[in-house]
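Student: I have just opened this entry and would like a guided look at it. Could you take me through it step by step?

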Amino acid sequence: MGYDMTLLKLAIKSTLNRKASVLLTLCTIAISVMLLLSIERVRHDAKSSFSNTISGTDLIVGARTGDIQLLLSSVFRIGHTNNAVSWKSYLDIKERKGVAWTIPISLGDSHKGHAVLGTDATYFTHYRYGKKQHLAFQHGRAFHNAQEVVLGSDVANKLHYHIGHQIVISHGMGNTSFHHHDDNPMTIVGILAPTGTPVDKTLHIPLIAVDAMHKSSHTQPMMIGKKSQQNDHAQHQHGNTHQHAEDNNSHHNEHNEHNEHNEHNEHNEHNEHDEHNEHNEHEEHNEHNEHNEHDEHDHPHGTLDSEPSDLVGSPNQITAFLMGFDSPLYTLQVRRNINMYKAEPLLAIMPGLTLRELWDMLDIVEKILLLFSIVVVLVSLLGMLTTLLATLSQRRRELAILRSVGARPIHIFALMSSEAILITFMGCVAGCILFYGLLLTANPLLQSQFGISLTIGWLSNYELTLLGVIMSAGTLMGLLPAARAYFYSLADGMSIKI
Amino acid sequence: MITITDLIHTWPTQSHPTLNIKALHIDKGERVFLHGPSGCGKSTLLGLLAGINALQSGQIKILNTDLSTIKNTHKDRFRADHIGTIFQSFNLLPYLNPLENVTLGCEFSKQRRKRLTDKKTDMTTEAIRLLKALGLNDSQLTQHVSKLSIGQQQRVAAARAFIGEPELIIADEPTSSLDEDSRHAFIETLFNQAGDYQASVLFVSHDKSLASLFDRQISLLDINGV
């Protein structure tokens, strides 16, 4: 007909003519859309990163406590576990029929606020997360002896650790542990690829190291395994790194705060350092900015040389253990047996089930969040309705003029409703732009503070549906002033009423 | 041009008819001055003629078309095609410039656009020609309508009524907001344009001092039998 273009042109010009009020309305809609999309994206991604924390594990077994408490402590490293599973019980249950694998877990120590997890080699072969993915090494390999440690990717990134570094594990949790196991430095031999789970924030050490550490700290300040043969290479490398730091210190004062330097200050008492003064590689110091890279290039060989040895030792107890079965059919049977275990009170949970229970507890919170953001959107749309209705009486003249040049009542209706649609649409577009802006700025923060990594992809079908619902709601709102305008134009006829 | 017979119109909220016209005839090219005090049914009559108010009883024929026989949507099209309207004041859409306000007169009428095509011109060219003929200068064509004087605004409204040569021009007290001198000048330009293609003009006003300028004067009180 050609009228459509005319009407759209008129609608746009009429809307632009009332810039101030339209812009305000548009802003409220945009902000509410941004809020709704952000909350939904965070909700969705938090849920998926939450339920992807552990998979492929049939049972988690620990000392008797609450289901959720056991899950939180063993998988999320949240809360303290005072009770433990005796090593004897572990060995006993491990031998049960149908058990495919077990992973012992010993928690309770920390390194600069990061959890330290004692385990054995099965951890790297059987632990799975997300969609049954295995842990992968970004650098290096699994530990072979009591002096080796494998880092989660966040730990390595945050503390700027690299293969070959030596670190000290503290006894107890948190940054402010009183007792440092500083007689027991450990060499980093592996860094795991990022998983988006608490594994990233964990340091993994062999069970034997946990045991040795605690024995030494509780009995006498002996240096456990200090001069062992396997460790020699690593210490050699360590001396090498230390040399860098020392040279940096003396020649380049501006690098005093270099991370490695700090690290090495903790080791200044170590007598090995002096033995390695003949390592002078001065040409490297010109590129001290790439110092970290040098370490990576220089060190892997030495640290990877150690031979696999006993990782378990003779622990008395562990915090918990994970179990996998040959067939899921065993799960319920074994679970019942463990829950009625005679030797000590134990608890076996199915992680998938408990994860869901835990999420259901948070369900009401997410529902309230969703409700709030929906209400905000509704309020912004009602704001638009108010503005449109308020301007309507001023626009009766405009409608009479349009009628006089041949516009039909239905054209008036279309004109008025297209304005609401236009404002809602622009509000949605602006809201999406704000949403992506917020996503890009908030993502690093959420990642570092809460371990939730947001997907910055194109809008999901769900989000598009939300936008569709908002558009429909906006259109419905627009029908009201449009209907009023329609009846005005019928009643007013040709006369202009003010 | 216009033939009215036995027209009776009663507003739903009133018990007595507002209009009761036995017969009224206006010829093609005739300039008629319709006067009467306010509230006597002038606006109602114009609404009925324009096909905006629904016909209740009697007959209105415009250009040999019986308005009672055509549907509402066709009435709107009929009005767009054949009737140009000038209101008392504030005739213009504030978000369109004078030129766009004039071409708006053609937007809803294929027939008006066709007449322009037949004259080998287009909407914009014709709008500029009309505006200039009515006394606006180049710079005023695209400036904001609020910058125009009321007299100039009424000229733009007249140009919108005339574009595409509708056969009937209805002017509803278009001069009431103008001063004495402007009134005469405005009516003169109105007649010039109408004379160009023999349009009929139905001019409604309560100001009898203008009546002498017209071919015929009708008092609504005289023909309205209520």
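**The two chains**

Tutor: Chain A has 17 helices and 14 strands; helices (H or I, at least four residues) and strands (E, at least two) are DSSP runs, numbered from the N terminus. This is a predicted model, in which local features need pLDDT of at least 70 and side-chain atom pairs count only at pLDDT 80 or more, while totals for chains, interfaces and linings use all residues. Residues are numbered from 1 along each chain as its sequence is written, chains are lettered from A and ligands numbered from 1 in the order in which they are written, and side-chain values use heavy atoms, with hydrogens and water left out.

Student: And how many helices and strands in chain B?

Tutor: Chain B has 8 helices and 9 strands.

Student: What about contacts between residues at least 24 apart in sequence?

Tutor: Take the contacts (heavy atoms within 4.5 Å) between residues at least 6 apart in sequence. In chain A, 80% of these join residues at least 24 apart. For chain B the figure is 74%.

Student: Now the two chains together. At what angle do helix 1 of chain A and helix 3 of chain B pack?

Tutor: Helix 1 (residues 3-17) of chain A and helix 3 (residues 98-107) of chain B pack at about 150°, and their axes are 11 Å apart. Axes are lines fitted to C-alpha atoms, for helices over the stretch in contact, and angles run from 0 to 180 degrees between N-to-C directions. The two helices are therefore roughly antiparallel to each other. Angles under 35 degrees count as roughly parallel, over 145 as roughly antiparallel, 65 to 115 as roughly perpendicular and the rest as oblique.

Student: Which residues make that contact?

Tutor: Helix 1 of chain A contributes Tyr3(A), Thr6(A), Lys9(A), Leu10(A) and Lys13(A), and helix 3 of chain B contributes Glu100(B), Leu104(B) and Glu107(B). By class, the residues of this contact divide into 3 nonpolar, 1 polar and 4 charged. Here Ala, Val, Leu, Ile, Met, Phe, Trp, Tyr, Cys and Pro count as nonpolar, Asp, Glu, Lys and Arg as charged, and the others, Gly among them, as polar.

Student: Which side chains there meet in a salt bridge?

Tutor: Glu107(B) and Lys9(A) do, at 3.3 Å, N to O. A salt bridge is a side-chain nitrogen of Lys or Arg within 4 Å of a carboxyl oxygen of Asp or Glu. This pair crosses between chains, from helix 3 of chain B to helix 1 of chain A. Glu107(B) counts as buried, at 11% relative accessibility, whereas Lys9(A), at 41%, counts as partly exposed.

Student: Where does Arg395(A) lie?

Tutor: Arg395(A) lies in the loop between helix 14 (351-392) and helix 15 (396-404) of chain A. Its relative accessible area is 3%, so Arg395(A) is buried. Leaving out residues up to four places away in sequence, Arg395(A) touches Ser14(A), Arg18(A), Leu415(A), Met416(A) and Glu419(A).

Student: Back to chain B. Where is Tyr197(B), and what does it touch?

Tutor: Tyr197(B) is found in helix 7 (residues 180-197) of chain B. At 18% relative accessibility, Tyr197(B) counts as buried. Not counting residues up to four places away in sequence, Tyr197(B) touches Lys28(B), Phe162(B), Glu165(B), Pro166(B) and Ile169(B).

Student: How do helix 6 and helix 7 of chain B pack?

Tutor: Helix 6 (residues 150-162) of chain B packs with helix 7 of chain B at an angle of about 15°, with axes 11 Å apart. That makes helix 6 of chain B roughly parallel to helix 7 of chain B. By class, their contact has 7 nonpolar, 3 polar and 1 charged residues.

Definitions and conventions. Buried means under 20% relative accessible area, exposed over 50%, partly exposed in between (1.4 Å probe, protein chains only).
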